[in-house]
Amino acid sequence: MISEDKVGQPSASALQPAEDENAKSCWVCFATEADDRLAAWVQPCKCIGTTKWVHQSCLQRWVDEKQRGNISRKVLCPQCKAEYIVVFPSMGAFVALLDSLEEITHKISPFIAGGVLLGSIYWIAITYGAVTVMQVVGHREGLEMMESADPLVLLVLLPTIPVTLISAKMYNWEDSVLLFLRKYCAKIPALAYILPFGNVEGDRGAIVTGQHSHTHQSSSSHLSPTRIFCSALLLPTISTIIGKIFFRSVQNNLHRTILGGLTYITIKGALKIYHKQMLYIRHSSRKILDYTESNLKLYRNNISSTTDTVSNTNDSEQVI
């Protein structure tokens, strides 16, 4: 029989969920309200239950870690994804002006750096163009030519010298000549002593030719920037040196440099054409042998000899 003084009163089991829901527990440090009664608490998001409470100081440290120095970055609750309402006290007009200047400086700094970089490249190109002119036509003649020219014309034309050299270097004329020789001059016996065409079977030769034409197209689209840059910018110097060595009888510096450059380009191109043709013959003459003990031994000997040759070459380069 239930006593009258307990009728209508909630039981202890009914009060326990309400007390647990109202209990404050920090989801950062897991401390409760009983651990530190003087700590400031905040409910910064839409979470319910025990996860809706957090220490103000713990949340401040957590927000600092998420913002990483950028106080304008938005921070969201990791559970309900609600954006935290972060407010700052007013520090006056002067501080607001300093904040605006800091933001403007942060935004325009990349453009200033880009402008300085482009300006540096431009003046380097002008310097290279001036040095090239004095190197090709002669030091005294080049200075006289540039002193008599309009400064605006020099500022426009001198930077185009390295650009023109690099652009011309990007065209591989050796590949076009080699394809022409393979197509029209393979049946001329006299050219076999200069450029060997090899004994390639019809189907295999057609396959290799198709592969090499595809390789030339892909190589033209994937050229080495450093190789092009160095070869193009060193061309005037190499041309001047070759002209002074082989064409001393030519008195005009410009003519002598042009002859030296043509000689260098021709010899280098001929060597490249010969090397590519030999690689073509080697590729087209490739065979796959039977898997026998003798062929396996021969294959391993070839690999070991190739490895020894490469290692000896590297050792000699290190000694040098």
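# Notebook: a walk through the predicted model

**Entry 1, S239.** I started with the contacts of S239: setting aside neighbours within four places in sequence, this serine is in contact with T257, G260 and G261. I was working on a predicted model, and I kept that in mind throughout. Next I looked up where S239 sits, and found this serine in helix α9, which covers residues 225-246. Is S239 buried or exposed? S239 has 5% relative accessibility, so this serine counts as buried, the cut-off for buried being under 20%.

I then turned to another serine, S284, which belongs to helix α10, residues 253-284. I checked the cover here too: S284 has a relative accessible area of 6% and is therefore buried. What does the side chain of S284 reach? I found the backbone oxygen of I281, at 3.0 Å.

Time to step back and look at the protein chain as a whole. I noted 11 helices and two strands in its secondary structure. Reading from the N terminus, I wrote the order down as α-β-β-α-α-α-α-α-α-α-α-α-α. How much of the chain is buried? Of the 320 residues, 22% are buried. The chain exposes about 24100 Å², and 64% of that is supplied by carbon and sulfur atoms. I also looked at contacts between residues at least 6 apart in sequence: 61% of these join residues at least 24 apart.

I found a nonpolar patch of about 660 Å², made by Y122, W123, L152, V153, L155, V156 and L157. Which helices each supply at least two residues of this patch? They are α3, residues 93-137, and α5, residues 151-157. Helix α5 gives the largest share, with five residues. One of the patch residues, L157, I confirmed as lying in helix α5.

I went to UniProt for annotations. Its unreviewed entry places the feature "transmembrane region" at residues 110-131 and 152-171. I compared both spans with the model. In residues 110-131 the end C-alpha atoms lie 32 Å apart, and the span is 100% helix and 0% strand. For residues 152-171, I noted 30 Å between the end C-alpha atoms, with 80% helix and 0% strand.

F30 has a phi near 65°, a positive value in a residue other than glycine. Where does F30 lie? I placed F30 in the loop between α1, residues 12-22, and β1, residues 41-42. With 64% relative accessibility, F30 counts as exposed, because the cut-off for exposed is over 50%.

K81 turned up in the search as well, with a phi near 65°, again positive in a residue other than glycine. I traced K81 to the loop between α2, residues 56-67, and α3. Is K81 buried or exposed? Its relative accessible area is 55%, so K81 is exposed.

Key:
Residues numbered from 1 in each chain as written. Predicted model: local features only at pLDDT ≥ 70, side-chain atom pairs only at ≥ 80, totals over all residues. Heavy atoms only, no water. Helix = DSSP H or I, 4+ residues; strand = E, 2+ residues; numbered from the N terminus. Buried < 20%, exposed > 50% of the residue type's maximum accessible area, 1.4 Å probe, protein only. Polar contact = N/O pair within 3.5 Å; in protein donor to acceptor, adjacent residues only side chain to side chain. Patch = residues over 30% accessible without salt bridge, like charges linked within 9 Å, V, L, I, M, F, W, Y side chains within 5 Å. Areas by Shrake-Rupley, 256 points an atom, 1.4 Å probe, with all protein chains shown as cover. Salt bridge = Lys/Arg side-chain N within 4 Å of Asp/Glu carboxyl O. Contact = heavy atoms within 4.5 Å. UniProt positions renumbered as here; feature names shortened; annotations may be inferred.
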